[in-house]
Amino acid sequence: MNGPLAYRRMPIEVESPEELGYGTIECNLSESSVADMRLRDLGVDLGDLTAAYTAHRGRDDLREAIAEDCGLGVDDVLVTAGASFALFIIHTSLLGAGSRLAVVAPNYATNLEAPRLLGAAIDVVQLDFDSQ
């Protein structure tokens, strides 16, 4: 990518607040990470909860509730463990070589790098504080 819509690529490991340190970032426009917390610090008592694998498409009762609320069939609902996973599924389902999309940046690295790896052309609209 060249020209005014080019963006500076950097490895996700460098971009990640976990690597840079949360205190070093003045204005984080696109990362949803937060510092690690324990649920008990939030007053959440989960008793004897066992952390285990569950249904791959999400808990059936959760999918049913979402489907009912959105007027969908339960088979139309997929619950993911976070936005990056959902974005990756969307990209690999809809994009490929020859696809073209516009993405604002800064953004999730997944929205920039996954389409690029799939061979899609990306038009990046670079946002900054000085432009309105």
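Mentor: A residue counts as buried when its relative accessible area is under 20%. Keep that cut-off in mind, and note that this is a predicted model.

Trainee: What share of the residues in the protein chain is buried?

Mentor: Of the 132 residues in the protein chain, 20% are buried. The accessible surface of the chain is about 10100 Å², and carbon and sulfur atoms account for 54% of that area.

Trainee: Which elements does the protein chain have, and in what pattern?

Mentor: The chain has five helices and two strands. Along the sequence they run α-α-α-α-β-α-β. As for contacts between residues at least 6 apart in sequence, 30% of them join residues at least 24 apart.

Trainee: Is helix α5 mostly covered or mostly uncovered?

Mentor: Helix α5 is mostly covered, with seven of its nine residues buried. The buried residues of α5 are Ala109, Thr110, Asn111, Leu112, Glu113, Ala114 and Pro115.

Trainee: What comes after α5?

Mentor: Glycine 119 follows α5, and its phi is positive, near 90°.

Trainee: How are two packed helices described?

Mentor: In general, one gives the angle between their axes and the distance between the axes. Here the pair to read is α4, residues 83-94, and α5, residues 109-117. Their axes come within 10 Å and cross at roughly 30°. Because angles under 35 degrees count as roughly parallel, α4 is roughly parallel to α5.

Trainee: What is the handedness of the crossing of α4 and α5?

Mentor: The crossing of α4 with α5 is right-handed.

Trainee: Which residues make the contact between α4 and α5?

Mentor: From α4 the contact uses Ser84, Leu87, Phe88 and His91, and from α5 it uses Thr110, Asn111, Ala114 and Pro115. By class, the contact of these two helices has four nonpolar, four polar and no charged residues.

Trainee: Why look at the spacing of residues along a helix?

Mentor: An α-helix has 3.6 residues a turn, so residues three or four places apart point the same way. With that idea, go back to the contact list for α4, which includes Ser84, Leu87 and His91. On the α5 side, Thr110 and Ala114 are among the contact residues, and both are also buried.

Conventions:
Residues numbered from 1 in each chain as written. Predicted model: local features only at pLDDT ≥ 70, side-chain atom pairs only at ≥ 80, totals over all residues. Heavy atoms only, no water. Axes fitted to C-alpha atoms, helices over the stretch in contact; angles between N-to-C directions. Helix = DSSP H or I, 4+ residues; strand = E, 2+ residues; numbered from the N terminus. Parallel < 35°, antiparallel > 145°, perpendicular 65-115°, else oblique. Left-handed = near helix turned anticlockwise from the far one by under 90°. Contact = heavy atoms within 4.5 Å. Nonpolar A, V, L, I, M, F, W, Y, C, P; charged D, E, K, R; others polar. Buried < 20%, exposed > 50% of the residue type's maximum accessible area, 1.4 Å probe, protein only. Areas by Shrake-Rupley, 256 points an atom, 1.4 Å probe, with all protein chains shown as cover.
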